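Biologist: Please take me through the assignments in this model and the criteria behind them.

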Amino acid sequence: MSKYTEDDLKKELETKKYEYGFYTDIESDTLPMGLSEEIIVAISKKKEEPDWMTEWRLDAFKKWQKMSEPNWANVNYEKPDLQKISYYSAPSNKPKYNSLDEVDPELLETFKKLGISVDEQKKLAGVAVDVVIDSVSVATSFKETLSEKGIIFCSMNEAIKTHPELVKKYIGSVVPKTDNYYAALNSAVFSDGSFCYIPKGVKCPMELSTYFRINEAGTGQFERTLVIADKGSYVSYLEGCSAPSRDENQLHAAVVELIAMDDAEIKYSTVQNWYPGDSEGKGGVFNFVTKRGVCGDNAKISWTQVETGSAVTWKYPSCILKGKNSVGEFYSIAVTNNFQQADTGTKMIHIGENTKSTIISKGISAGKSQNSYRGLVHVGPRAKNSRNFSQCDSLLIGNECGAHTFPYIETKNKSAKIEHEATTSKIGEDQIFYCNQRGIDTEKAIAIIVNGFSKEVLNKLPMEFAVEAQKLLEISLEGSVG
Amino acid sequence: MFQLKEKLLSSFIAFEDQKDIDSYVHGIRTKAIKNFEKEGFPTKKLENWKYTSLKKTLNQDYKLFPTATEALEFKDIKDFLIDDIESYKIIFVDGKYCSHLSETTHEGMDICILSSALSQSKYDLLIENYFDKISKKDGITSLNTAFSSEGSYIHIPKNVQVDKPIQVVYFSTGKNESVLHQPRNLIVVDENSQVEIIERHQSLSENRILVNSVSEIYCNQRSIVQHYKIQDDNRNASLIDNTFVSQQRNSDYTLHTFSFGGELTRNNLSIFQNGERIESTIKGITIIGENQHVDHNTLIHHKKPNCNSYQDYKGIFGENSVGVFNGQVLVEKEAQKTNAFQANNNVLISDKATINTKPQLEIFADDVKCSHGCTVGQLDKNALFYLRSRGIPEKEATALLMYGFANKVLSSVNIPEVKTRVNNIIADKLGVKIGFDI
């Protein structure tokens, strides 16, 4: 990945298709479709969970039953039939590996195709990866190195068993069960996810990473991530996603909770590349995700996301700036092409004094896609001297797409300073002409311009991700100029 | 709230009985009341009313048809008019046209009242072409349409430049009772014509007044319309102002809204650009204090190519006031080369004040230049220090800075007397005695 050259890009551009659209034939153990208390108990049982967890799930399920699906987002789609989804699908010979050699070779092949093959990453990037396929965690690398520092990085399922006190205390503390329809659903049926705990004062020596993949047809992926950074610690967390191409829509409803205690810092980066559907808008993943972090005094949470996949994206990584002097950041690139729809943004809730937040959002829409930014900046009455800067820029390619901004700004404190600006424009003809003149064809010129447009956000990504993200941007916009 | 709705629905029949059942408008009214019955009053659940609740305002036993009142003299209302310029005046007192205070005309143009336009057959064609054609069909507008009977009727034919501004003022004396007024304005400006309109709603009593006003404005080709709304009502009066503007090719519409008074003020403004090369400019100054709530809800709908729109709203919020700005810019696929700009700047001067702002861009065309900027901040401490170090007291210095902040909006006011009047209100609002007209 890091040795990615222009020739590679050219080759990729020729193939045009969604490159992660393969399906790995792994025998998997799938529960019958539908949703009921029995299914939830069955999931819980399969996971060998303690009783409190089963009850927690059932409680969420009961609350979920009373809720209705939200439809305020600026997206149109056929609502997924939640009774036609299988809520649990795991590679059947559920591995308990100590080293990669023991892993099902076919799974390894999957990782290779994903371009994040576990061992390669291990060597090249020094990244500890937790791979979640069809919502079951299959491999966690670098565990020993991490445990020396006292860092816990494992699958959610394992954490429930080995560190129940931490899970019990923090799960649902940032995103309550009743937060929204999909969060409640996730709370009831989540099958696995990643758990991470950084002890006091520890700076995590490497980037932690999770890779999600939906493999089985007709399944939904519901993973739950919980990252806890104790006082004065630091962690950078990466998340990647992909899914095979399918005609029907797949559902992905995840919940991510971040807890940054006093003086801690969490950097959470996502490269989302779920299958976006084909050029007629058939298939693709519905990505309904709830991500939220809470900051203690002097803490910092930084969200960086590159959204190129999914047929429908509905995602608002948020920061609750509860502590004094805490900082929230949100950097986002959302690219939509063909019939993709994205409604994404952030919420910055300023509660403590001297809290600061920055929002940089870049939306790029091409084809017949719709791209919306929806954000909230809320300054509470106690948030003295809080500061926010937001910038939302949209780029339109072609005249059949749309770009929308819905920023909400609520201020209840006179010492707050808030700035918001948004622009919408297209790629200038003179910019393209300039490139053409220097022998760069239009397709490549657009890639260059888009990269420049999104530079502020790309710069925020960890190195390995930035390269991949750049590549993704180019591929997702492929074919958008007629 | 429920009761008021019931009361309105039941009194509709009595209201219609007094009117001509065979008329064209009767059909529209009947349809509108049905629509109101279905939609009801807006609640906070509606996205457009998220930050403004009508609950308290509607929880009143408003009288719908105020009884005849004592006659007003010119001296009673002088303060509320821009009296130092020549102007046409359409004055209503408690919903009734007041001829001895007004100055209307039928010479070469119609500057008169809606009730006479509705009852005389020579206006039939115009009414059929323009009445209730662009107003939204939401609950609050439908309510006005159902009870629409009186208001200003202004028709400027082709190639006429109206010689002096038109003042439309609604007074409410509301002796011993709370009153709901529903004025309806119809303004049609034909090709190549030009007109200036100043609009004001004023309560003269201590009783609770609610005004639900609807204005439809048609700017035909190459017309120029300048519209001023001065909102400086008593603290017990509330206003819901619904203005709909339809613009044709090459027309130019400018609106200045000055919101200083009233308990609750809601401005629903929708501008539809139906031709090419249209200019729309909307600006506003809001300075409010204790228990006041001002909500600006604007929509500019760009439908055709090569049009411009410019929005600039400034707000200063003191005490426990609440300010809302919801500015929507919609650019349709066909509207290439659109240039849309929107700015909303706010200053909070009290810890209890709240500002909710939601600029909203929805763009479906690619070759456009659209931007919005929105800020919430304080006055510059250095600038304040500069003024104070030169011997200007704090209060005056603050006022000067605030005036400077809002002044950009005033600079485009074309009638000097209006500017002076607004300046005086601002000075009064900021509690200083300095003339800003230097």
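**Contact between the chains**

Modeller: In this predicted model, the contact draws on 30 residues of chain A and 31 residues of chain B.

Biologist: Which elements give two or more residues to the side of chain A that touches chain B?

Modeller: They are strand 24 (402-411) and strand 25 (417-426) of chain A. By class, that side of chain A has 11 nonpolar, 12 polar and 7 charged residues.

Biologist: What makes strand 25 of chain A and strand 20 of chain B a pair?

Modeller: Pairing requires at least two bridges between the strands. Here 7 bridges join strand 25 of chain A to strand 20 (residues 369-377) of chain B, so the two count as paired. They run antiparallel. Within strand 20 of chain B, Ser371(B) is the bridge partner of Thr423(A).

Biologist: Why is Arg222(B) called partly exposed?

Modeller: A buried residue needs 20 or more other C-beta atoms within 10 Å, and an exposed one has 12 or fewer. Arg222(B) has 19 C-beta neighbours inside 10 Å and therefore counts as partly exposed. Its place is in the loop between strand 9 (209-219) and strand 10 (224-231) of chain B.

Biologist: What makes the phi of Arg222(B) worth a remark?

Modeller: Most residues other than glycine have a negative phi. The phi of Arg222(B) is near 60°, a positive value in a residue other than glycine.

Biologist: Where does Asn250(B) lie, and why is Asn250(B) classed as partly exposed?

Modeller: Asn250(B) lies in the loop between strand 11 (237-247) and strand 12 (252-259) of chain B. With 19 other C-beta atoms within 10 Å, Asn250(B) falls between the two cut-offs and is therefore partly exposed. The phi of Asn250(B) is also positive, near 60°.

**Domains of chain B**

Biologist: How do you know that domain 1 and domain 2 of chain B touch?

Modeller: The assignment gives domain 1 (2-274) and domain 2 (379-438). Contact requires C-beta atoms within 7 Å, and 12 residues of domain 1 of chain B are in contact with 10 residues of domain 2 of chain B. Strand 8 (194-203), strand 10 and strand 12 of chain B each give two or more residues to the domain 1 side. The residues of that side divide into 7 nonpolar, 2 polar and 3 charged. The C-alpha centres of the two domains lie 32 Å apart.

**Confidence in chain A**

Biologist: What is the average pLDDT of chain A, and where is the pLDDT below 50?

Modeller: Chain A averages a pLDDT of 77, and 76% of the residues score at least 70. The pLDDT is below 50 over residues 12-16 of chain A, a stretch with 5 contacts beyond near neighbours in sequence. Residues 92-103 of chain A also stay under 50, and the model has 18 contacts for them beyond four places in sequence.

How values were computed:
Residues numbered from 1 in each chain as written. Chains lettered and ligands numbered in written order. Predicted model: local features only at pLDDT ≥ 70, side-chain atom pairs only at ≥ 80, totals over all residues. pLDDT = per-residue confidence, 0-100. Contact = placed C-beta atoms within 7 Å. Helix = DSSP H or I, 4+ residues; strand = E, 2+ residues; numbered from the N terminus. Nonpolar A, V, L, I, M, F, W, Y, C, P; charged D, E, K, R; others polar. Domains from an automatic or database assignment.
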